[in-house]
Amino acid sequence: LSKLLGEKWRSMSCEEQEPFKLISNQLKREHKERYPHYKYQPKRRLTAPEKADESYQDPGTADQLYPGASESQMYPGASESQMYPGASESQMYPGASESQ
């Protein structure tokens, strides 16, 4: 769509473009009056680590880093309620109540 509009704009004569330029200038003046201290400051996009540094390797999940370790070993000092906020025991241990 933007390509088509760009082609249309470039194909227009200066006389055809003039009303749009006048509106644009008017809007710019109004914006400057409303926001006199505004300064355009775009945020830089961060590149993905894989693109920025080819040697980057994803460390993986805790299960991959510590195979066979319990969650209390992987997250020392954290209670189950901190690891699973708002979760009930049946959600944390599915099937546990059935075997008792």
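Is phenylalanine 20 buried, partly exposed or exposed, and at what relative accessibility? Phenylalanine 20 counts as partly exposed, because its relative accessibility is 48%. The scale runs from buried (under 20% relative accessible area) through partly exposed to exposed (over 50%), with a 1.4 Å probe and protein chains only.

This is a predicted model: local features need pLDDT of at least 70, side-chain atom pairs count only at pLDDT 80 or more, and totals for chains, interfaces and linings use all residues. Residues are numbered from 1 along each chain as its sequence is written, and side-chain values use heavy atoms, without hydrogens and water.

Start with the overall fold. The protein has 8 helices and 0 strands. Both are DSSP runs numbered from the N terminus: helices are H or I with at least four residues, strands E with at least two. Of its 100 residues, 6% count as buried.

Now follow α2. This helix has 21 residues and reaches 30 Å from first C-alpha to last, close to the 30 Å expected at 1.5 Å a residue. The expected span is 1.5 Å times one less than the number of residues. A kink of about 25° in α2 is centred on phenylalanine 20. The bend is the angle between axes fitted to the seven residues ending at a residue and the seven starting there.

Phenylalanine 20 also belongs to an aromatic pair. The structure holds 1 such pair. The ring centres of tryptophan 9 and phenylalanine 20 lie 6.1 Å apart with planes at 75°, so the pair is edge-to-face. It links distant parts of the chain, with tryptophan 9 in helix α1 (residues 2–11) and phenylalanine 20 in helix α2, 11 residues apart. Rings of Phe, Tyr and Trp (its six-membered ring) pair if their centres lie within 6.5 Å; planes under 30 degrees apart are stacked, over 60 edge-to-face, and the rest tilted. Tryptophan 9 is partly exposed, at 34% relative accessibility.

Finish past α2. Tyrosine 40 lies in the loop between α2 (14–34) and α3 (49–52). Tyrosine 40 is exposed, with a relative accessible area of 60%.
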